[in-house]
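Please look over the sequence and the structure first; the points below then proceed by topic.

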Amino acid sequence: MNKQIVESLVAIVGALGAAAAIAWAGSQGGISIGGLPLFALAGAFAFLVQWVVFIPSYAAQTEHYYDLTGSLTYLTVVVGTLALAGRFDARSIVLTLLVSVWALRLGSFLYRRIKRAGSDGRFDAIKPSLSRFLMAWTVQGLWVFLTLSAALAAMTTEASAPLGALGLIGAAVWVGGFLIEAVSDHQKRVFRNDPANAGRFITTGLWAWSRHPNYFGEILLWIGIALIALPVLTGWQYVTLVSPLFVYLLLTRVSGIPLLERRAEER
């Protein structure tokens, strides 16, 4: 069997194994629907959506709907969880609103970007391979579930507590991260739309302070979500606080900065 196929299958199994572990931990002390933990059902749905959209995407050899699917999955999972849990307390509503605002902005931004560019270079080498392309969609399911895990655990737990000071601090941290991400994305878009900047690297605005301010904002806002969720987590549910750490590792060690840095070095 081809080495790349083996590596892809190992990655898929690893992603599903990690998701299963988080699903078990986050479901402890949580509410159930039809005898099944709602937390785990939300995770399963996140993967199912990716696999369904993968089928026509592979057939058409396109990645145009990859980022949009991820963002819409965040939206449907968090809104669906709120509705099924039937708990419209301040914490659940705030978490749902913050995740929804983030998902709508990021999803529309990434979709417009790929439509303008015509393609995403990250997928050029893996689209022809069924196993490698499937791996990318499976990892996106893991991305959605793990980054949402703290919020989902807080929304489905049987424990309750007022939003409190920590919740307000978390909301403030989220706002700061969201603004940094949105402003830096806007600054880069304006920079790239100027023909005079063709082939140049942006070093103005927030980009004068960081090589990747948008990723810093992304990590920060998920820390805010974890802080909002923290007061109602108990026992094994604390494992879901891996959410911001997962975002950090994904962006700085796997699919974010490493890919951009390699392209920058080639240029």
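In this predicted model, Gln-140 touches Gln-50, Tyr-66, Asp-67, Thr-69 and Gly-70, when residues up to four places away in sequence are not counted. The briefing begins with this residue and then turns to the cores and the whole chain.

- Gln-140 has its place in helix α5.
- Gln-140 counts as buried because its relative accessibility is 2%, and the cut-off for a buried residue is under 20%.
- Between Gln-140 and Tyr-66, one of the residues it touches, the separation is 74 residues in sequence, while their C-alpha atoms lie 8.6 Å apart in space.

**The nonpolar cores**

- The largest nonpolar core holds 47 residues, and those that touch the most other members are Tyr-74, Trp-102, Phe-145, Leu-148, Trp-222 and Ile-225.
- At least two residues of this core come from each of α1 (3-27), α2 (38-60), α3 (66-85), α4 (90-117), α5 (130-156), α6 (164-192), α7 (213-229) and α8 (242-254).
- Helix α5, where Gln-140 is also placed, supplies the largest share of this core, with 12 residues.
- Ile-225 is in contact with Leu-95, Leu-98, Val-99, Ala-151 and Trp-174, leaving aside its neighbours within four places in sequence.
- Another core, of seven residues, lies apart from the largest one; Phe-54, Tyr-66, Ile-126 and Trp-137 are among its members.

**Elements and overall form**

- The protein chain contains nine helices and two strands.
- Read from the N terminus, these elements follow the order α-β-β-α-α-α-α-α-α-α-α.
- The protein chain is as compact as a globular protein of its length, because its radius of gyration of 19 Å is close to the 18 Å that the globule rule gives for 267 residues.
- Along the principal axes, the C-alpha atoms fill a box of roughly 55 × 50 × 25 Å.

**Burial, contacts and surface**

- Of the 267 residues in the protein chain, 46% are buried.
- Among contacts with a separation of 6 or more, 81% are between residues 24 or more positions apart.
- The protein chain exposes about 12700 Å², and carbon and sulfur atoms supply 69% of this area.

Conventions
Residues are numbered from 1 along each chain as its sequence is written. This is a predicted model: local features need pLDDT of at least 70, side-chain atom pairs count only at pLDDT 80 or more; totals for chains, interfaces and linings use all residues. Side-chain values use heavy atoms; hydrogens and water are left out. Helices (H or I, at least four residues) and strands (E, at least two) are DSSP runs, numbered from the N terminus. The radius of gyration is taken over C-alpha atoms; the globule rule is 2.2 Å times the number of residues to the power 0.38. Buried means under 20% relative accessible area, exposed over 50%, partly exposed in between (1.4 Å probe, protein chains only). Contact means heavy atoms within 4.5 Å. Accessible areas come from the Shrake-Rupley method with a 1.4 Å probe; for residues, only the protein chains shown count as cover. A nonpolar core is a set of buried Ala, Val, Leu, Ile, Met, Phe, Trp, Tyr and Cys residues joined through side-chain atoms within 4.5 Å.
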